[in-house]
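The sequence and the model are shown first.

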Amino acid sequence: MKHEIEYTDDRISVSVDGEGFSFKRSHNEERDNASIANIVEMLESDSFYKSEHFINEFNEKLETAILATRGGGSGALACRDTLLSLYNGNTYKANLSSWYGLDKTNRAALLFVLEHQSANNRQDIDLYLPQYADDFKRMKDEVSDD
């Protein structure tokens, strides 16, 4: 990612891939450099999460986890409980020891979704793939029936 830094007498402007932020100079080089590093990190993170590559990969992993909930068995329950906990952790509690029974593909999918959803809570987990709204309704109904 390409970033640019411009200094004026009283301001510093930082941009990453065309997205920018400007702040007042403190004239303390160490403090200004720390601020620049934080802003670059924030802008790079924002750019990463908006990238088509990331969005496609996130949606693919989320779809894998959603589809796994359809199969029944302990792996389906682990995926269901984890996704519902990401949806609303106060209402739906996930038992992480149920992950012991997950296969490699579903564990990797859930870890990816968990890492990126918790690092950058962009929107509710059930809103990324509207075509699976019925699956989230089914999962909620299953838990209320338990």
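## Glycine 89

Glycine 89 counts as partly exposed, because its relative accessibility is 30%, a value between the 20% limit for buried residues and the 50% limit for exposed ones. As in the rest of this report, the description rests on a predicted model. The loop between α3 and α4 holds glycine 89. Between the C-alpha atoms of glycine 89 and glutamate 57 there are 24 Å, with the two residues 32 apart along the chain.

## Overall architecture

The protein chain contains three strands and five helices. Read from the N terminus, their order is β-β-β-α-α-α-α-α. The radius of gyration is 20 Å, whereas the globule rule gives 15 Å for 146 residues; the protein chain is therefore more spread out than a compact globule. Along the principal axes, the C-alpha atoms fill a box of roughly 65 × 25 × 25 Å.

Of the contacts between residues at least 6 apart in sequence, 53% link residues at least 24 apart.

## Surface and charge

Buried residues account for 31% of the 146 residues in the protein chain. The accessible surface of the protein chain is about 9,100 Å², and carbon and sulfur atoms contribute 47% of this area.

Among the side chains of the protein chain, 27 are negative and 16 are positive. The centres of these two sets are 3 Å apart.

## Nonpolar cores

The largest nonpolar core comprises 23 residues, and those that touch the most other members are Phe58, Leu62, Ile66, Leu83, Leu110, Ile125 and Phe136. At least two residues of this core come from each of the helices α2 (52-68), α3 (73-87), α4 (104-119) and α5 (133-145). Helix α2 makes the greatest contribution to this core, with six residues. Another core lies apart from this one; it has eight residues, including Ile12, Val16, Phe23 and Ile36.

Phenylalanine 58 illustrates the contacts made by a member of the largest core. With neighbours within four places in sequence set aside, phenylalanine 58 is in contact with Phe112, Val113, His116, Gln117, Arg122, Ile125 and Tyr128.

## Serine 85

Serine 85 is part of helix α3. Its relative accessible area is 23%, so serine 85 is partly exposed. The C-alpha atoms of serine 85 and isoleucine 125 are 9.6 Å apart, although 40 residues separate the two along the chain.

## Loop residues with positive phi

Most residues other than glycine have a negative phi. Aspartate 17 has a phi near 50°, which is positive although the residue is not glycine. Aspartate 17 is placed in the loop between β2 (11-16) and β3 (19-24). With a relative accessibility of 44%, aspartate 17 counts as partly exposed.

Histidine 27 likewise has a positive phi, near 65°, in a residue other than glycine. The loop that holds histidine 27 runs between β3 and α1 (29-50). Histidine 27 is exposed, because its relative accessible area is 56%, and the limit for that class is over 50%.

Methods:
Residues numbered from 1 in each chain as written. Predicted model: local features only at pLDDT ≥ 70, side-chain atom pairs only at ≥ 80, totals over all residues. Heavy atoms only, no water. Helix = DSSP H or I, 4+ residues; strand = E, 2+ residues; numbered from the N terminus. Rg over C-alpha atoms; globule rule 2.2 N^0.38 Å. Buried < 20%, exposed > 50% of the residue type's maximum accessible area, 1.4 Å probe, protein only. Contact = heavy atoms within 4.5 Å. Areas by Shrake-Rupley, 256 points an atom, 1.4 Å probe, with all protein chains shown as cover. Lys, Arg positive; Asp, Glu negative; His and termini not counted. Charge placed at Lys NZ, Arg CZ, Asp CG, Glu CD. Core = buried A, V, L, I, M, F, W, Y, C linked by side-chain atoms within 4.5 Å.
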